[in-house]
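Trainee: Before we look at the model, could you show me how to read its features in turn, giving the general idea and then the case at hand?

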Amino acid sequence: MTRLSVNINKVATIRNARGGNNPDVIKVAQDCERFGAEGITVHPRPDERHIRYADVRALKQVVTTEFNIEGNPVDGFMNLVLEVKPDQATLVPDAIDAITSNAGWNTIAHKDYLTEVIATLKKEGIRTSIFVDPIEEMVEGAAAVGADRVELYTEPYAVNFKQNPAEAIAAYQKAAKRAKALGLGLNAGHDLDLENLRYFSEHIEGLDEVSIGHALICDALYYGLENTIRLYRRQLEK
Ligand SMILES: CC(=O)[C@@H](O)[C@H](O)COP(=O)(O)O
Ligand SMILES: NCC(=O)COP(=O)(O)O
């Protein structure tokens with residue numbers, strides 16, 4: 001069964017728009033779990049424009065499902081992750097000025113760097129995942145640096161799904177198969193939504209986890225958070 005981890009960055013973005021504490025990201029995380037989320041994902045960035053480092057520390061005290069922290073392993077991020085010790089750290093090569101994550105790691109070019117980062121996290125008992133494009137060599141590179149999992153970057157799937165689902169999924173099937181053959185866990189995320197999630201989950205073998213934020217929080221405006229989480233979980237049922 002694929003686990004649904006809800007990314008609550010967007011909730012923090014709304015809160016930050018007014019400077020107060022509405023919506024309360026801690027309460028939202030607890031409610032997501034109460035409504036069936038099997039994990040909470042956050043993606044702190046150095047400018048703290050979405051989730052803040054203080055939120056991450058506070059969330060660690062209350063999250064009872066899987067806590068996943070995503071981000072670029074710059075010094076501030078690494079210090080935070082090593083202090084908080086989440087269940088999983090997902091390494092994402094996002095540039096500081098990028099609106100959102102827009103590519104996976106080149107695990108071959110950054111082999112030495114990633115090997116060191118992964119070893120540091122694993123020494124603290126933190127499961128590691130590397131955000132990669134659906135390219136077999138990048139998956140092999142993730143295995144070579146010692147990662148426990150890969151997270152397949154699904155924006156290209158989401159874009160191409162609208163034209164041709166079978167073509168859109170093909171590279172992901174190959175990458176997923178390679179990951180499983182190498183003994184890696186398999187996560188996926190970015191722009192997954194109620195339209196494209198079921199097809200992805202039905203066509204990718206061994207999908208351990210999806211992390212979903214933007215579309216899920218947008219859908220919650222119409223359906224409410226509880227119904228929305230149920231709807232997303234239903235897409236993952238086999
Ligand atoms: C790695 C990834 O694709 C997500 O973490 C994405 O960055 C969502 O976070 P934002 O919505 O804050 O961009
Ligand atoms: N890792 C992907 C994630 O956490 C959420 O991405 P999105 O659904 O906000 O695009």
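Trainee: Which residue in E3 is the bridge partner of Val42?

Mentor: Strands of a sheet pair through backbone hydrogen bonds, either parallel or antiparallel. In this predicted model, the partner of Val42 across the bridge is Ile69 in E3, and E2 and E3 are joined by four bridges and run parallel.

Trainee: How many bridges join E1 to E2, and which residue stands opposite Ile40?

Mentor: E1 and E2 pair through three bridges, again in the parallel sense, and Val6 is the residue opposite Ile40 of E2. Further along, strand E3 (residues 66-71) is joined to E4 by four bridges in a parallel arrangement, with Glu70 having Thr90 of E4 as its bridge partner.

Trainee: In what order do the strands close into a barrel?

Mentor: Eight strands make the closed barrel, in the order E1-E2-E3-E4-E5-E6-E7-E8, and their pairing is parallel. From one strand to the next the twist averages 25°. Strand E7 (residues 185-189) and E8 run parallel and are joined by three bridges, and there Asn187 stands opposite Glu209 of E8.

Trainee: Which residues of E2 lie on one side and which on the other, and are they buried or exposed?

Mentor: In a regular strand the side chains alternate between the two faces of the sheet. For E2, one side carries Gly39 and Thr41 while the other carries Ile40 and Val42, and because all of these are buried, both faces are covered. Strand E4 (residues 88-91) can be read likewise, with Gln88 and Thr90 pointing one way, Ala89 and Leu91 the other way, and all of them buried.

Trainee: Turning to the helices, which residues of H1 are buried, and what do they pack against?

Mentor: An α-helix has 3.6 residues a turn, so residues three or four places apart point the same way. In helix H1 (residues 9-16) the buried residues are Asn9, Lys10, Val11, Ala12 and Arg15. The buried residues of H1 pack against strand E1 (3-7), H2, strand E2 (39-42), H3 and H10.

Trainee: At what angle do the axes of H2 and H3 cross, and is the crossing left-handed or right-handed?

Mentor: The axes of helix H2 (residues 25-34) and helix H3 (residues 53-62) come within 10 Å of one another and cross at roughly 35°, and the crossing of H2 past H3 is right-handed. On the H2 side the contact is formed by Val25, Ile26, Ala29 and Gln30, which meet Asp55, Ala58, Leu59 and Val62 of H3. Sorted by class, the residues of this contact are six nonpolar, one polar and one charged.

Trainee: What should I look for in the backbone of the loops?

Mentor: Most residues other than glycine have a negative phi, and most peptide bonds are trans. Here the peptide bond from Asn22 to Pro23 is cis, with omega near 0°, and Pro23 has its place in the loop between H1 and H2. Glu48, although not a glycine, has a positive phi of about 55°, and this residue belongs to the loop between E2 and H3. Asp191, in the loop between E7 and helix H9 (197-203), also is not a glycine, and its phi is positive at about 65°.

Trainee: Why does Glu48 count as partly exposed?

Mentor: Glu48 counts as partly exposed because it has 15 C-beta neighbours inside 10 Å, whereas a buried residue would need 20 or more. Asp191 is partly exposed too, since 18 other C-beta atoms lie within 10 Å.

Trainee: Which residues come nearest to ligand 1, and which are closest to ligand 2?

Mentor: Ligand 1 has 14 residues around it, of which Asn9, His43, Thr100, Ser101 and His190 come nearest, and by class this shell has two nonpolar, ten polar and two charged residues. Ligand 2 is surrounded by 13 residues, the closest being Asn7, Gly189, Ser211, Gly213 and His214. The shell around ligand 2 divides into three nonpolar, seven polar and three charged residues, and strand E8 (209-212) and helix H10 (214-223) each supply at least two residues of that shell.

Technical notes:
Residues numbered from 1 in each chain as written. Chains lettered and ligands numbered in written order. Predicted model: local features only at pLDDT ≥ 70, side-chain atom pairs only at ≥ 80, totals over all residues. Axes fitted to C-alpha atoms, helices over the stretch in contact; angles between N-to-C directions. Left-handed = near helix turned anticlockwise from the far one by under 90°. Contact = placed C-beta atoms within 7 Å. Nonpolar A, V, L, I, M, F, W, Y, C, P; charged D, E, K, R; others polar. Near = placed C-beta within 6 Å. Buried ≥ 20, exposed ≤ 12 C-beta atoms within 10 Å, placed from the backbone. Pairing = 2+ DSSP bridges.
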